Amino acid sequence: MKDFRSKQLRVVNLGLEVFADELKNQNVPVTHVRWRPPAGGKPRLLEILEKLEELDG
Amino acid sequence: MPLARLVLPLFYQDSVKLMRLAREIGKKKGVSEVAALMGTPANREILLHAGLAGDGEVDAGPNDLVLAVEAETQETACEAIEEAKAFLTQARVTGGDSSDFSPSSLAGALAGAPESNLAMISVPGAYAAKEAMDALRSGLHVFLFSDNVSVDDEVALKREATRRDLLLMGPDCGTAYIAGAGLGFTNAVRPGRVGCIAASGTGLQAVASQLDALGEGVSHGIGVGGRDLSAEVGGLMTLHALDFLSSDPETEIVALISKPPDAEVLPEIEEALENFSKPHVVCFLGAENPDWAETLEDAGHAVAAILKGESYRPENFFAQAWLKEKIASLKPGGALDGGGVLGLFSGGTLAHESRLILEDLLGDASWNEEAGRHRILDLGDDRYTVGKPHPMIDPESRAEMVSQAAMDGDLGVVLFDVILGRGSSPDPAGPLARAITEAKEKGKSPAFVASVVGTADDPQDMDEQVRILEDAGVVVLPSNAQAARFAAALVKPELIENA
C-alpha cells in the first residue's frame, strides 16, 4: 500500500477551490489546479482528443 | 421585470465560487433574481426555466460564464452585473498568493509537486472519471467528490485502484479523514485510533463527531461511495479499505457504516470481517442483525466501549424519566397527538436513518416526493438541488421550507438536522431559527426537533449553534436517532406509556 505512514499527505486539488483552502487551513500541502473543461467543453472535440491520447499512449 | 445579462467568454469558475457570488449580488437592494453559471447545456436550460434567458437561447459554452440579474429597474440590474464582473475580475487578479504554484493540469501539478500522494477531484461529473483515472495511473490515491460518474466508470476506477494498491474514495464522496486531515465536508475531530469505512459523508461525519465527543479520535475515515456495496461494484473499495486499515499501525478498531450490502455482496463482506485482525463495529442501517449497531449513535458508543474494554447496551429511549415531562411541556392537552412528522434533512444518511426509525415506530414514513402522513425529505438529493446550492452550504432554501411547513395544520413535528464543520455554512442554525421564530409568532405551529452534528473545534461555535436553535424553541437532542425517536413520541404518546 502506498500509504501515508512514512510520508505526509500532499494533495493535488482539481475542481472546487474551497477544498484547497480548507486543506491549507489544516496545514496540509496542496497544489490547486486551475482546472477548466478540456477541449472548450465540446464533447466531440474531447472524444477526438481522448482517441489521439490513446493512440499516443 | 427588467433583466440584464452578460457573457464572459473563456472565464471558467467553479460552482461554489459562483454560488457565493450570486448570493452576494442577490443581497443588493432591488435585485430579485441572480444567476452566475457556466454556459453548459444544463445550465442554459436552468436560465430558460428561471426566465433569465431573456428573449431566447443564451449563446454561451461550458467555458463561458453567464451572469443574469433581474431587478426592479434596468439600472439596478446593470449595476449588479457590473458589480459581479468587477468582483470576478478582481478575484482573478488578486486571487491566491502570488507565491502559490497553480498549474492548469494534473500533469503540471505533479511536475511541480512530485511528492503529491492524493488527488482531490470535484470537477463536473462528465470529466471526473478521466481525471481520476489519470491520477490513479500517476500513483495517487483519489478522493472523488464529483457525482454523476457512471457505475461502469466507478468499477473501472476501483479495479485500477486496487490493482495499484491505492484508495479510490467515492464517487460522490463528501467526507474523508486521511492521516489526521479532513477532506471535503469534515468536522474538526481529534486524530486517534478508530478507522472508519463509510458509504456516505454525513454518516461518517456523525460517527466521527460522536467519537470525538466520547474522547476518541479517527486514524483514517475512508469514504467508499454510496454504491460500493451494490452488486455492480461488489464492495471493491470496502474490502480494499479493510486491508488498508488492518495493516495501519495507528488503527486499533474499525467502524463500518453503510446501508446494507446487496445480498450478493454480503457473504464476501462477512467473510472479510470474520478474518479481520482487529476489533470492529458494523452499522448497516436497516439491516437486522443483533451483532450490528442499529444506529449511527450506537456505532460510536459501541466503538468507544470496546476501546475501554466494556460492553455497550443501548438504553430504552422511551423509558427515560425526563422524557414524559419534556413532552408534556411541549404539548399541553395532547395537542400534537396523531399529527404528522415532516423531516427536512440536509444529510442523506441522517434522513435515511430517521426514516427507518419512524417507519419502525409509527408504522410508515414516506420518502421525498411520496405522499404520506409522515414524510422524510433528503434535501441534499439531486432532485432538490437543481440550480440551487446544497442545504449544508446554504441553509436559506431549507429555511423557506420550514416556514411553509409551519403553516401546515396537519403537522405535529418538523424534524431536521444541522451539520457543522468545514465546508458547511458558517451559520446553519441562524436562518432556520429565524424561520421558526417567525412561524411561532404567527400562531399555531408544529413542534421543532433537531440534532446537531459537530465538534467543539468546528469553525461554527457548536454551543452557540445549539443555543440559537433552543432560543427559537427547537428541542435539540444529542443524536439523530434520538431526535427521530423524540419526534415519534410527540405524535404517538403510547411509545412512552408502553415503555
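Between chain A and chain B about 4100 Å² of area is buried, and carbon and sulfur atoms give 60% of it; buried area here is the accessible area (1.4 Å probe) that two parts lose on being put together, summed over both. This is a predicted model, in which local features need pLDDT of at least 70 and side-chain atom pairs count only at pLDDT 80 or more, while totals for chains, interfaces and linings use all residues. Residues are numbered from 1 along each chain as its sequence is written, chains are lettered from A and ligands numbered from 1 in the order in which they are written, and side-chain values use heavy atoms, with hydrogens and water left out.

**The interface**

Chain A brings 36 residues to the contact and chain B brings 54 residues, where contact means heavy atoms within 4.5 Å. Across this interface there are 19 residue pairs in polar contact, both residues being at pLDDT 80 or more; a polar contact is a pair of N or O atoms within 3.5 Å, and within protein one atom must be able to donate a hydrogen and the other to accept it, with residues adjacent in sequence counting only if both atoms are side-chain atoms. On the side of chain A that touches chain B, the elements that give two or more residues are β1 (11-14), α1 (17-25), β2 (30-33) and α2 (43-56), and α1(A) gives the most, with six residues. Helices (H or I, at least four residues) and strands (E, at least two) are DSSP runs, numbered from the N terminus.

Two salt bridges link chain A and chain B, a salt bridge being a side-chain nitrogen of Lys or Arg within 4 Å of a carboxyl oxygen of Asp or Glu. In one of them Glu115(B) meets Arg10(A), with the closest N and O atoms 3.1 Å apart. Over all chains the structure holds 22 salt bridges, including one between Asp134(B) and Lys130(B) at 3.0 Å, N to O; both of these residues lie in helix α5 (residues 125-137) of chain B, four residues apart, or about one turn of the helix.

**The strands**

Five strands form an open sheet with parallel pairing, in the order β2(A)-β1(A)-β4(B)-β5(B)-β6(B). Because β2 of chain A and β6 (168-169) of chain B stand at the edges with a single partner strand each, one side of each is left without a neighbour in the sheet.

| Strands | Sense | Bridges | One bridge pair |
|---|---|---|---|
| β1(A) and β4(B) | parallel | four | Val12(A) and Ala119(B) |
| β1(A) and β2(A) | parallel | four | Asn13(A) and His32(A) |
| β7(B) and β8(B) | antiparallel | four | Thr175(B) and Gly184(B) |

The strands β7(B) and β8(B) form a hairpin with two residues between them, and Ala179(B) in the turn has a positive phi of about 50 degrees.

**Backbone in the loops of chain B**

Most residues other than glycine have a negative phi, and most peptide bonds are trans. Leu10(B), in the loop between β1 and α1 of chain B, has a positive phi near 50 degrees. Gly170(B) and Pro171(B) are joined by a cis peptide bond with omega about 0 degrees, and Pro171(B) lies in the loop between β6 and β7 of chain B.

Note on methods
Two strands pair if DSSP finds at least two bridges between them.
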